[in-house]
Amino acid sequence: MECSLQFWVNFEESFNKFCMARILVIDDERSIRNTLKEILEYEKFEVDVAEDGFVALEKLESNRFDLVLCDIKMPKMDGIEVLEKAKELEKCPQFIMISAHGTIETAVEATKKGAFDFIPKPPDLNRLLLTVRNALDKKNLVSETKVLKKKLSQKLDRYIVTGK
């Protein structure tokens, strides 16, 4: 019975990692923002939107997001610049770059600067959702690894000091 209960506790934690994930959609085109928001909300994600890079950076500084879908070509501040500035924040979410004007060079540049992936517009729904889930998986694995390293370090420090 105990094993069964633990299974459901683990299942709920895993389920909540995805379903409670917060996503920021950054795009200067209202129709794209709203469409992506509707799709992601239907998949049980919590979604916020920003119409440009400046609004997005304000939201990133004052809120916790697990993932960002960011258009590359935007007025005022392009998506690559948003990505670079976000990487300077204490807790930077995973970035998936999207663009109707993307080239292989743009995708490579975005990836080199820290983006998880690049998706062309209009996005294929299956590819979009798979990429979102993979990016969230990576974020969760990185977080879990940091926690485990910290716990291991504490245990090693205690062992070195006390011998136990």
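In the predicted model, D52 caps the N-terminal end of helix α3, with one of its side-chain oxygens 2.9 Å from the backbone nitrogen of F54. Helix α3 spans residues 53–62, and its buried residues are G53, V55, A56, L57, K59 and L60. These buried residues of α3 pack against the strands β1 (22–26), β2, β3 and β4 (94–99), and also against helix α4.

For K44, which is not a glycine, phi is near 75°. K44 belongs to the loop that runs between α2 (30–42) and β2 (46–50); strand β2 is among the elements packed against by the buried residues of α3. The relative accessibility of K44 is 56%, and the residue therefore counts as exposed, the cut-off being over 50%.

The second case is K76, also a residue other than glycine, with a positive phi of about 70°. K76 is located in the loop between β3 (67–71) and α4 (79–87), and both of these elements are contacted by the buried residues of α3. K76 has a relative accessible area of 67%; because this value is over 50%, K76 is exposed.

A further backbone feature concerns the peptide bond between K121 and P122, which is cis, with omega at about -10°. P122 lies in the loop between β5 (117–120) and α6 (125–162).

Methods
Residues numbered from 1 in each chain as written. Predicted model: local features only at pLDDT ≥ 70, side-chain atom pairs only at ≥ 80, totals over all residues. Heavy atoms only, no water. Helix = DSSP H or I, 4+ residues; strand = E, 2+ residues; numbered from the N terminus. Buried < 20%, exposed > 50% of the residue type's maximum accessible area, 1.4 Å probe, protein only. Contact = heavy atoms within 4.5 Å. Polar contact = N/O pair within 3.5 Å; in protein donor to acceptor, adjacent residues only side chain to side chain.
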